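This report describes the fold of one protein chain and then turns to individual residues within it. The sequence and model are shown first.

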Amino acid sequence: MAVLLIAEDDEDIALVLVRVFKRTGMTVLRESDGRAAFETILEHRPDLVLTDLGMPVMDGWELIDAIRAHPDDDIRRIPVAVLSGHLRPGDPRAGSAQVCAIMLKPCPNDQLLATMDELVAIGPHDHDAADNRCPADIPVSV
């Protein structure tokens with residue numbers, strides 16, 4: 001089964017997310033800041049990452065940048081989805097962040113699960129600098 005890393009600093013939200021994904025049979029890792037999440041990615045190499053944007057130490061944008069800039073293909077090509085309440089419509093970073101999906105809080109569990117299931121099915125993939133769209137072709141909801 002897939003290994004998911006959740007990077008979320010809000011304890012209540014993180015507990016709900018962990019419970020939702022564990023019920024599907026996923027192995028779930030969880031960190032409360034971007035730097036710890038990146039260290040966990042390097043150590044455990046999860047199949048996908050779900051990150052918040054507003055976190056201490058290293059925010060979600062910085063975490064995404066660190067993943068995409070990593071020289072190891074196994075790290076750089078990990079599917080990354082954003083789940084955030086801090087994203088504003090029209091934020092220019094959303095289009096250039098090289099993420100596979102962006103979902104806004106509160107996000108219905110069925111949408112969240114369907115999106116992450118699709119990313120698991122697609123697996124690791126490139127995010128070409130000329131076209132930052134994920135091959136998943138998941139609609140971005142910002």
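Contact, as the term is used here, means heavy atoms within 4.5 Å. On that criterion, and leaving aside residues up to four places away in sequence, threonine 40 touches Leu5, Leu29, Glu31 and Arg45. The structure is a predicted model, in which local features need pLDDT of at least 70 and side-chain atom pairs count only at pLDDT 80 or more, while totals for chains, interfaces and linings use all residues. Residues are numbered from 1 along each chain as its sequence is written, and side-chain values use heavy atoms, with hydrogens and water left out.

## Overall architecture

Helices (H or I, at least four residues) and strands (E, at least two) are DSSP runs, numbered from the N terminus. The protein contains six helices and five strands, and along the sequence these follow the pattern β-α-β-α-β-α-α-β-α-β-α. A residue is termed buried under 20% relative accessible area, exposed over 50% and partly exposed in between, with a 1.4 Å probe and protein chains only. Of the 142 residues, 49% count as buried. Among contacts with a separation of 6 or more, 63% are accounted for by residues 24 or more positions apart.

## The sheet

Two strands are taken to pair if DSSP finds at least two bridges between them. The five strands form an open sheet in the order β2-β1-β3-β4-β5, with parallel pairing. Its edge strands are β2 and β5 (101–104), each of which pairs on one side only. From one strand to the next, the twist averages 20 degrees. Angles run from 0 to 180 degrees between N-to-C directions, and axes are lines fitted to C-alpha atoms, for helices over the stretch in contact.

Strand β1 (residues 3–7) is mostly covered, with four of its five residues buried. β1 pairs in the parallel sense with strand β2 (residues 27–31) over five bridges. In this pairing, valine 3 stands opposite threonine 27, and leucine 4 has valine 28 as its bridge partner. Between β1 and β2 the chain passes through helix α1 (residues 11–23), a β-α-β crossover that is right-handed; that is, with the strands pointing away from the viewer, the path from the first strand over the helix to the second runs clockwise. β1 is also joined by four bridges to strand β3 (residues 48–51), and these two strands run parallel. The bridge partner of leucine 5 in β3 is valine 49.

## Packing of α1 and α6

Two packed helices are described by the angle between their axes and the distance between the axes. For α1 and helix α6 (residues 109–122), the angle is about 60 degrees and the axes are 11 Å apart. The two helices are therefore oblique to each other; angles under 35 degrees count as roughly parallel, over 145 as roughly antiparallel, 65 to 115 as roughly perpendicular and the rest as oblique. α1 passes α6 in a right-handed crossing. The contact is made by Leu17, Val20 and Phe21 of α1 and by Asn109, Leu112, Leu113 and Met116 of α6. A crossing is left-handed if the near helix is turned anticlockwise from the far one by less than a right angle, and right-handed if clockwise.

## Individual residues

| Residue | Relative accessibility | Class |
|---|---|---|
| Threonine 40 | 8% | buried |
| Arginine 45 | 38% | partly exposed |
| Valine 57 | 56% | exposed |
| Isoleucine 78 | 2% | buried |

Threonine 40 lies in helix α2 (residues 34–44). Arginine 45 is found in the loop between α2 and β3.

Most residues other than glycine have a negative phi, and most peptide bonds are trans. Arginine 45, although not a glycine, has a positive phi of about 45 degrees. Valine 57, in the loop between β3 and α3 (60–69), likewise has a positive phi, near 70 degrees. The peptide bond from lysine 105 to proline 106 is cis, with omega near -5 degrees, and proline 106 is placed in the loop between β5 and α6.

Isoleucine 78 is situated in the loop between α4 (73–76) and β4. Not counting residues up to four places away in sequence, isoleucine 78 touches Ile41, Pro46, Asp47, Leu48, Val49 and Arg68. Isoleucine 78 and histidine 125 are 47 residues apart in sequence, and their C-alpha atoms are 6.8 Å apart in space.
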